[in-house]
Structure formats: C-alpha cells, structure tokens
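Biologist: I am new to reading protein models. Could you walk me through one, step by step?

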Amino acid sequence: MSTAQLIALDLLATLLAAAGWVGAGVAAAARHARAALALLAVAIVVTVVRVTTAVALATGGWWFAQDRVVLTGPLLGVAGLAAVLLAGPRLLSAVRAGTPGNSPAAVVPLLIAGYAGAAGLLFPFLVGYPATWGDVLVTVALVGAAGLVTWRVAGAGPPLWTFLPILAMGLAGVGAGFATGVDLDAGGGPESHHPAGHGVSVADLRGPTSPAPGGQVRRYEFTARETTVNVAGRTVEAWGYNGQVPGPPITASQGDLIEVTLHNADIQRGVTLHWHGYDVPAGEDGAPGVTQDAVPPGGEFVYRFRADQVGTYWYHTHQASDVGVKMGLYGTLVVGPPAKGVDLTVPVHTFGSDTVVGTAGTPEAAAGTPVRLRLVNTDSVPHRFTLTGTAYRLVAVDGADLNGPAELREVELRLPAGGRYDVAFTMPAGPVALHVDGDPGLRLGTGDQPPAPKGWPELDITRYGTPAATPFGPESRFDRSFTLVLDRGFALVDGVPKYAYTINGRAFPNVPTQLVREGDLVEMTVANRSLDTHPWHLHGHRVLVLERDGRRASGSPLWLDTFDVRPGEVWRVAFRADNPGEWMNHCHNLGHATQGMALHLRYDGVMTPFHGGHGG
Amino acid sequence: MRRVFVVLSGLLFLAILAQFYFAAVGAFDRPQDDDSFALHSIVGMMVIPLLSILATVSAALARAPGRLIGLSLAPLGLVVVQVLIIVVGNAISGGSDEDTGAAGLFVFGLHAVNALLVMGAAGAVLRRARAFAAEKTTVDTPQPTVSPAA
C-alpha cells in the first residue's frame, strides 16, 4: 500500500475512533448503557487499528507519523485508557443492575477521549508537520478545556479556577509558536562565517560579456506587453514577450553568448526572465527580490550568459509568476546543433481549460527521417504524453542526455510541471500521433488519426536507461543534508495568516534559508505529506537523483532541475554547490509557491540587496 | 444568551445554504481551475467550523441541555467528514492532480450526500435552539400573581 493510501486509511481509522468514543459517551448520557458498552468496545478496537496505521506510516518515513507518535497518539492513548478505567466498570455494573449508567463519571471521560480522537483527526489538516512543543501545549489545552466544559455541563464539575492552568498552558503554547524564529538552516554543516548582509552582492555575480572562442553573440530584444491569443477559435487576453505566446524561441550553439534586453511595456505587476534549468550566474537568474528588482512598466534589464549547457530549456517570468506564466510570459531555449531531420520544440501550455501544443499544423516528415520532439511542460501541473504509431527513445530529460535509453512503446510519459523530455524516433511509413492527457496534440505523417491509447503503464524514469559513473552517489559523504517536508497548514505567508502550502511547518518567507559553502556536496531529502503533487525546483543547479522512497535510482543517471514529489513520496537528491549566489528553491506548481511553498538557498559570503520578493 | 445561540444557529444554517450555492458556482465556473472552488473552500474550512464552534459555546453559556450542546457540534463533525471524503477520494486516485477512476468518483459523490446531513444537523440545531429560547421566555415572563381571595 502506498504511503498516500496509508495516510487516508489512518485518517479514516482516526475518524472512526473519534466517532466511537464520542458515540459511547452520547449513548451513556442517553441512558443506553448496553449500547455505550458496545461502542466502547468498538472504540478500543479502532484505536488499536489506528496505532498500527500510525506505525505503518512511520515505515514510510518518520515525517509521515511524527504528529501521531509524539502528540495525537499518546493523547488518545491516555484519554482512552482513563475512559476505559473510569467508564468501563460503571457501564458494566449499570448493564448488570439494569440502571441507566449516565453518571458524569462515565459520560465525561468517554467524551474527552472522543475530543482527543477529534484532535488527532484535525491536527494533520490544520497544522501538519512538525508537531512542535507549542502545538502540543495548545492541543492538550484545547482538549482539556473542552473536557472541563463538558464536565461542568454534565453535572457538578470542577470549580472555575481549574480553567486557569489550562488557559496558561494554551497561552504558553501560542507564545512558544511565536518564539521559535530560526532564520538559517546549515544542514549539519558549519554555520555562517560572514555576518548577514555582508559579502559579495548577487547583483555583482553577473555573466560574461563575451562568447567563448569561436562562439557568437545572440542578441534579443524582448518587450513584455499585453496581447491576445487565439485559442481553439476564441480570443483570449494574454501577456507575451514581444506580444507573442510563446515568446520568441531562443536558440544558440554551445559557447555562444546569449544577451537579452528585457523591456516592460505595460505589465503593471512587473516582469523578469528566469532561465529554467539553466545554471546561469546568480545575477542573471531573474528572481525578483533575490537577484534583481522586477522590471516595472517602462523599465529595462539586460541578461547575459554563456550557452554552455546543451539541450532543451525554457524561460519565463518569475515576477508574480503564478499569474504571469499562466498569462503567457514564457518561451523556449534550445542550445546545440539542431538534430538531423525534423527537430521540433513542443511547448505545452494551458489557457483556461484548453491545453495547447505550441507547434501548429502538421509538420512535414517523410518516412525514414529522424525526428526529435522536445516536449516542454510550461504549466503548473504534470502532463501525460503518449506516442502512437512508432517505437521511440526518451533521449534527454531536463536538457541532460540519458545513458543507454532503451526503445519504448505503449507507455505513458508523465512530464512534471516545468520539466522537459526529448523523444527521438525514425519516421515510419504510417502516421505518428502525440496525445497530451488523452487529447490529440501533434500529428506527423499522413493517414487516419489514431485514437488516444488507454491504460498504458507509466514509464518510471528512475529505472530507465543504463547506469553510468557519476561524480557522487548515494554512498557519498555529504557536507550538508537538508530535509524538506511538504504539507499544508495554517501559517503566515508574507505576514498574512493563510491555509498555506508549508515546508517543515512554515511558509515563505519564514522558512529558514539553507546555507551552503562553495564546493560543498549537498544532499536534499524532499518528503510530501500532502495530497497534492509538488514539482520541486532548485534554481542554479541540477540535482542528481539518488533515491525515491528508499529505492535507489537504478537506470541512467538522472540530472534534473524539476522532480515531481507525489503524495506520500520521498526523494533524495544531491548536488555540488558550485554556483555561488542566493537562489530560490521552490515548488513549481506556482500557485503553491505563491501560497508559501518556497525558500532560499544561500552561499556563505553572498548577500542580496533586493527585498520584497515573494514565493512565486 | 439564548437569543445569541438562536442567532448563531441561524447564521450557521445560512452559511450552509451559501455553501451549496458556492458549490454550484465552482462546478459551473469556466475555465475550471484551482480558484473555481475558492469561496466554497473558505466557507467550508473556516466560516462553517467557526460558526459551529461559536454556536456550541453560546449553547453551553446559555446552559442548554447537554444533548443540545452536543447536537450543535454535529455540523462541525460532519464537515470534517466532508473534508475526509475529498482526502480519501484523492488518495484512491493517487493525488489531487491525477485523473479520477470509478472508485474515486464513488467516494467523491458522497460529498453531496453528506452535505445534506450537514444541512439537516444545522436545521435541527436551529429548530431546537428556537424551542429552547421560547421555553426561556415562558419561564421568565412574570406570572400574574393571584392574590388569595380575601
């Protein structure tokens, strides 16, 4: 059973346990001693089941069970045991003697156990990971207060002053919640040598101004402006670089210097250019509030970087990116010689409810021609691609070539938000069709359009291709280890309390900044406790996938810039800290990033003079 | 305090009516995206639970019978079930971004059935809160004293 299913099963067991305890209390209060006794037995059984689901969750990773083990499990255990000891004998003798059995000494402990069960049900939704000391105090105080109120309503009850220690406990918990303000996470490595706010400014970490020997300068002028696009016969309001959606495609040969002058005509919220997956110098990264200020209407910014990485990449605005990218501020970046034959870049983007494949019409491809399709997911959710009519190879992921990719047929390729897949095949005599999420996307060759395939299994890219030597691996000794537990819960997002997307219980900008030093070998573990997929994206570095759910990647080395951490999954990845700067590290479901799921990774000795950026 | 209990129960009932309305708004919103059900989420996750807790507190302060206090918590308990239906449906489908299968849809459909139970519970709370308030009026109204015949 997957961890995501275990989470659901555990919540169901918790609901039944809470309902069992409350039901027993209500039945006792309603003078049905026999029914109360039966419900008590059910509650005990379900509570024991719930212990096993919590233990099973812990085997998927401590993070999935932490709140159950340190808080809600013991709380229900203690309250349940007290209820059994206090209410059990009274209900038994009531059944034997035929009396009602509705004394407060029986009813109140049962209801308190029910409140403890309800706390266990609500905690994962409202707070999530981790359960801190403050959370423990507040939760126990709330259950205690509800118990005291019940006791007073049910009968005599304790005097009013007994609320005071409960109130004090709750206030202490709330206070503790505010007090814990760590702003740096050194990941087990040495702390900062440089005081905050001192060191090299990211604004000075700029790209070279000349190409490599033999390379040339590729100059582009981009003006971001409001425009309209035609989607499935409708005219849709959009924002585009040079009024185009996608923006002008950027192509270059390895060693060229790419220089893009960005102007903003009328995008009131501002724009930038972020080179997704391209490890540019920090000052060129286009992260507003971190590496530059957003370009306002009338403003300008010049980006320069060397085209050193060959492969398929893309660019997009990083200012109010949730809205900006959705509206059309993106385009493709392809470096290297075009593949022989047909070489098509296929950005996929969703406008409203229409998913559009960037290449229009039916490209010419005679039988026997080599074809390379560069699939780019510019949306915030994954897309599923199928290719019918031919066998093919997945030759590159996120721009990096795979080692020994085997021939594929009748599989589904699931491309994370922000990710790229390059697929290659030789054009057969018949037509070839690319489907996106089961809808027709692109067709090559002539003949009847084949129907969308159904039920094809998904390709597991962590087992695809053949292994090869990597500069480091799962056994390496890491200088720093970071853990990111992704969840939902109430947290401050830019000072506003929200039902946020959280990292280790916090939301941007309150997530401690990860600190590294140049040259460090860094491992990052990302665990997803929520029921949403989180495409994780670290700027400025590609990461090597080490493990998923404790199982090592066994195929080709996978160097990714965006990896999909699905519900209940745990990914362990690693990278060499070789690109000094201050970098965004965030969920590329940009709506999630805007609602808190983002943090910074800073090199010791680097500072940013920019402020006011947000998660998206 | 009994009047406060009646008013809060009434607001709770109205919030649940609005919740049905927002569910339809979300279902027919085009294009369908994360924001389609924003109002439905806010009312369901914040407004209804808060009103339910406030109604329960006012019932306790008004010294309503324990059974009525318990009943006023029922909408909250059923709203938790509403959220859980979504969670279980998503878990069966493999996550909120995945296509739904028959089993997932079977579970998701229960969201509408349970919604009727939430409304029924809130209706019962309102009816009994009013009866409880009326009871108070009869008790509190000074009875005309009958002076013994001289």
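Biologist: In which sense do strand β15 and strand β18 of chain A pair, and over how many bridges?

Modeller: First, this is a predicted model, where local features need pLDDT of at least 70, side-chain atom pairs count only at pLDDT 80 or more, and totals for chains, interfaces and linings use all residues. Residues are numbered from 1 along each chain as its sequence is written, while chains are lettered from A and ligands numbered from 1 in the order in which they are written. Strands are DSSP runs of E with at least two residues, numbered from the N terminus, and two of them pair if DSSP finds at least two bridges between them. Here β15 (393-397) and β18 (420-426) of chain A are antiparallel, with four bridges. Across this pair, A:A396 stands opposite A:D422.

Biologist: What order do the six strands of the open sheet follow?

Modeller: In chain A the order is β12-β11-β13-β18-β15-β16, with mixed pairing. At the edges are β12 (354-357) and β16 (400-401) of chain A, each pairing on one side only.

Biologist: Into which domains is chain A divided?

Modeller: Domain bounds come from an automatic or database domain assignment. For chain A they give domain 1 (3-179), domain 2 (187-201 + 470-607), domain 3 (211-337) and domain 4 (341-459).

Biologist: How far apart are the C-alpha centres of domain 3 and domain 4 of chain A?

Modeller: Those centres lie 24 Å apart. Residues are in contact if their C-beta atoms, placed from the backbone, lie within 7 Å; here, domain 3 and domain 4 of chain A each give 17 residues to the contact.

Definitions and conventions:
Contact = placed C-beta atoms within 7 Å.
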